[in-house]
Amino acid sequence: AVSLINTISSITSVNLDTFSPEPSIDGKGSHGGYCGPAVKPIALNMVADIARDVETAGLPISGIGGVTTWRDAAEFLALGAGNVQVCTAAMTYGFKIVEEMKSGLSQYLDEQGISLDDLIGRAVPNVTDWQYLNLNYIAKARIDQDSCIKCGRCYAACEDTSHQAISMSEDRTFEVIDAECVACNLCVNVCPVEDCITMEELAAGETDPRTGKTVSADYANWTTHPNNPGAVKAAE
């Protein structure tokens, strides 16, 4: 069996008056173990890697790293962990947080009509390597105007660091420009309102306004894409 992950070696900050890492002892500091919610994405990825690798699949896994809510626990279980461990959340909220996790997870399982065993590993078949993602899957961002609080985070993120695919009117109404949107999900990630921005799939046969091409129902990935030098070489 394996337990993962523990803390990640890190220096969390530097005192800019004394120029020593914090916390410091007698003017000196060292690396420490970084943990909590910030390490959860790293932990989930590593749990999934073990659960889906042919050499380690089926190995009992105890998931650790940023488990704070029942949803966090459920995500670890869905990616193959048989149980989870909690430390930082207990330090922050006390042991009562575990009871809240148990209650929330139990309610979720009841609502889904599944058992704990059904949940464990359920997401593993849907984890793949990036080169096998379907390139013919086309989606566009959609902004729910009734939910939008007009904060402008989506616009700033897309305008300054992505594809300039969101317009802003004088009254701060934000609209997606389908001809520019590549469904990168950046706007979804920065939006503070849950489900205000979602991705809507274009059906096969529709025209992608960005490329002008018809959306195909066929599966295609990077390993066979003509722009992939490796694929071209293999074909030759």
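Helix α2 is followed by G80, whose phi is positive, near 115 degrees. Helices (H or I, at least four residues) and strands (E, at least two) are DSSP runs, numbered from the N terminus. The model is a predicted one, in which local features need pLDDT of at least 70 and side-chain atom pairs count only at pLDDT 80 or more, while totals for chains, interfaces and linings use all residues. Residues are numbered from 1 along each chain as its sequence is written, and side-chain values use heavy atoms, with hydrogens and water left out.

The domain assignment of the protein gives domain 1 (2-125) and domain 2 (130-215); such bounds come from an automatic or database domain assignment. The C-alpha centres of domain 1 and domain 2 lie 30 Å apart.

In α2, the buried residues are D72, A73, A74, F76, L77 and A78. Here, buried means under 20% relative accessible area, exposed over 50%, and partly exposed in between (1.4 Å probe, protein chains only). The cover over the buried residues of α2 includes α1, β6 (61-64), β7 (83-85), α4 and α5 (116-119). Not counting residues up to four places away in sequence, F76 touches K40, A43, L44, V47, G63, I64, G65, V67, A81 and V84, where contact means heavy atoms within 4.5 Å.

F76 also belongs to the largest nonpolar core, which has 19 residues; L4, V47, I61 and F76 are those with the most contacts inside it. At least two residues of this core are supplied by each of α1 (40-52), α2 (70-78) and α4 (96-112). The most is given by α1, with six residues. Another core, of 14 residues, lies apart from it and has I143, C148, C158 and C187 among its members. A nonpolar core is a set of buried Ala, Val, Leu, Ile, Met, Phe, Trp, Tyr and Cys residues joined through side-chain atoms within 4.5 Å.

On the surface, I11, V14, L16 and F19 form a nonpolar patch with about 460 Å² of accessible area together. Patches are made of residues with over 30% relative accessible area and no salt bridge, like charges being joined within 9 Å and nonpolar side chains (Val, Leu, Ile, Met, Phe, Trp, Tyr) within 5 Å. A salt bridge is a side-chain nitrogen of Lys or Arg within 4 Å of a carboxyl oxygen of Asp or Glu. Accessible areas come from the Shrake-Rupley method with a 1.4 Å probe; for residues, only the protein chains shown count as cover. L16 is found in the loop between β3 (14-15) and β4 (20-21), and it counts as exposed because its relative accessibility is 65%. F19 is found in the loop between β3 and β4 and is exposed at 62% relative accessibility.

Most residues other than glycine have a negative phi, and most peptide bonds are trans. F19, although not a glycine, has a positive phi of about 55 degrees. Q164 is not a glycine either, and its phi is positive at about 50 degrees. Q164 lies in the loop between α6 (153-161) and β9 (166-168) and counts as partly exposed, at 38% relative accessibility. A cis peptide bond, with omega about 0 degrees, joins L4 and I5; I5 lies in the loop between β1 (2-4) and β2 (8-10). The peptide bond from E22 to P23 is cis as well, with omega near -5 degrees, and P23 lies in the loop between β4 and β5 (32-34).
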